[in-house]
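Here's a quick briefing to read alongside the sequence and the model.

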Amino acid sequence: MLYAILAYHVEDEVLSWSPEQDAAVVAKVIAVQEPMRASGLLGPAARLDETRKARTLRGPGAGMVLDGPFAETKEQLLGFHLVNCAGDDEAVAAARKLREVNPTAVYEIRPVMLYVPADGFGATSG
């Protein structure tokens, strides 16, 4: 079963990291991802850009584009991992591995009801 592990964090805290601190956290996350990827557990993962660069499309008809996500929360969605797990316990274990290297992040684990990959998305030439 596919699960989305959504990574939330206090964005101002992440933006306050020096380039060296940020690179160190990213390196630790990539190190945790490597065995997950090698075992076929990890699918696509993404780090999202700043929420101030986000746009929200809402309203009737064609909708209206508004600046920002307008989330009234302390933490913002900053990225996600897509994992293929046997069940909830394995998905929670994967999130715990990620949290070990980024302990101030909050991870939401949700089953994915539908996943439609785009042709060639994420493909690398070899």
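**Starting from Leu 77**

Let's begin with Leu 77, which sits in strand β5. Keep in mind that this is a predicted model. From that residue we'll move to the sheet, the helices, the hairpin and the pocket.

- Is Leu 77 buried, partly exposed or exposed? Its relative accessibility is 34%, so Leu 77 counts as partly exposed.
- Leaving aside residues up to four places away in sequence, Leu 77 touches Leu 6, Ala 7, Tyr 8 and Leu 48.

**The chain as a whole**

- The protein chain has three helices and six strands.
- In sequence order, the elements of the protein chain read β-α-α-β-β-β-β-α-β.
- The protein chain has 126 residues, and 29% of them count as buried.
- Take the contacts between residues at least 6 apart in sequence: 76% of these join residues at least 24 apart.

**The four-stranded sheet**

- What is the strand order in the open sheet? The four strands run β2-β5-β1-β6, and the pairing is antiparallel.
- At the edges you'll find β2 (42–47) and β6 (106–111), each of which pairs on one side only.
- On average, neighbouring strands of this sheet are turned by 20 degrees against each other, with direction ignored.

**β1 and its two partners**

- Strand β1 covers residues 2–9 and pairs with β6 in the antiparallel sense over six bridges.
- Two places to look along that pairing: Ile 5 stands opposite Ile 109 in β6, and Tyr 8 stands opposite Val 106 in β6.
- With β5, strand β1 pairs over eight bridges, again in the antiparallel sense.
- Here, the bridge partner of Leu 2 is Asn 84 in β5.
- Why is β1 described as largely enclosed by the rest of the structure? Because six of its eight residues are buried.

**A closer look at Ala 4**

- With a relative accessibility of 15%, under the 20% cut-off, Ala 4 counts as buried.
- Not counting residues up to four places away in sequence, Ala 4 touches His 81, Leu 82, Glu 108, Ile 109, Arg 110 and Val 112.
- Ala 4 and Val 83 are 79 residues apart in sequence, yet 6.4 Å apart in space, C-alpha to C-alpha.

**Helices on the sheet**

- Pairing in the β1–β6 part of the sheet is antiparallel, over six bridges. Helix α2 (residues 19–38) packs on the sheet and touches β2 and β5 (76–84).
- The direction of α2 makes about 165 degrees with that of β2.
- Helix α3 (residues 88–101) also packs on the sheet, where it touches β1, β5 and β6.
- For α3 the angle is taken against β6, and the two directions make about 155 degrees.

- Strands β3 (residues 55–58) and β4 (residues 64–67) run antiparallel and are joined by four bridges.
- Arg 55 stands opposite Asp 67 in β4.
- How many residues lie between the two strands of this hairpin? There are five, and in the turn Gly 59 has a positive phi of about 105 degrees.

**The largest pocket**

- The largest pocket holds about 540 Å³ of space.
- Its lining comes to 30 residues, and those nearest the centre are Val 26, Ala 46, Arg 47, Leu 78 and Gly 79.
- Which elements supply at least two lining residues each? They are β1, α1 (11–16), α2, β2 and β5.
- Of these, α2 gives the most to the lining of the largest pocket, with seven residues.
- By residue type, the lining divides into 18 nonpolar, six polar and six charged residues.

Technical notes:
Residues are numbered from 1 along each chain as its sequence is written. This is a predicted model: local features need pLDDT of at least 70, side-chain atom pairs count only at pLDDT 80 or more; totals for chains, interfaces and linings use all residues. Side-chain values use heavy atoms; hydrogens and water are left out. Two strands pair if DSSP finds at least two bridges between them. Axes are lines fitted to C-alpha atoms, for helices over the stretch in contact, and angles run from 0 to 180 degrees between N-to-C directions. Contact means heavy atoms within 4.5 Å. On a 1 Å grid over the protein atoms alone, a cavity is a set of points where a 1.4 Å probe fits but cannot get out, and a pocket is an open set with protein on both sides within 12 Å along at least five of seven lines; lining residues have an atom within 4 Å of a point. Grid points are joined across faces, edges and corners, and a volume is the space filled by probe spheres set on the points. Ala, Val, Leu, Ile, Met, Phe, Trp, Tyr, Cys and Pro count as nonpolar, Asp, Glu, Lys and Arg as charged, and the others, Gly among them, as polar. Buried means under 20% relative accessible area, exposed over 50%, partly exposed in between (1.4 Å probe, protein chains only).
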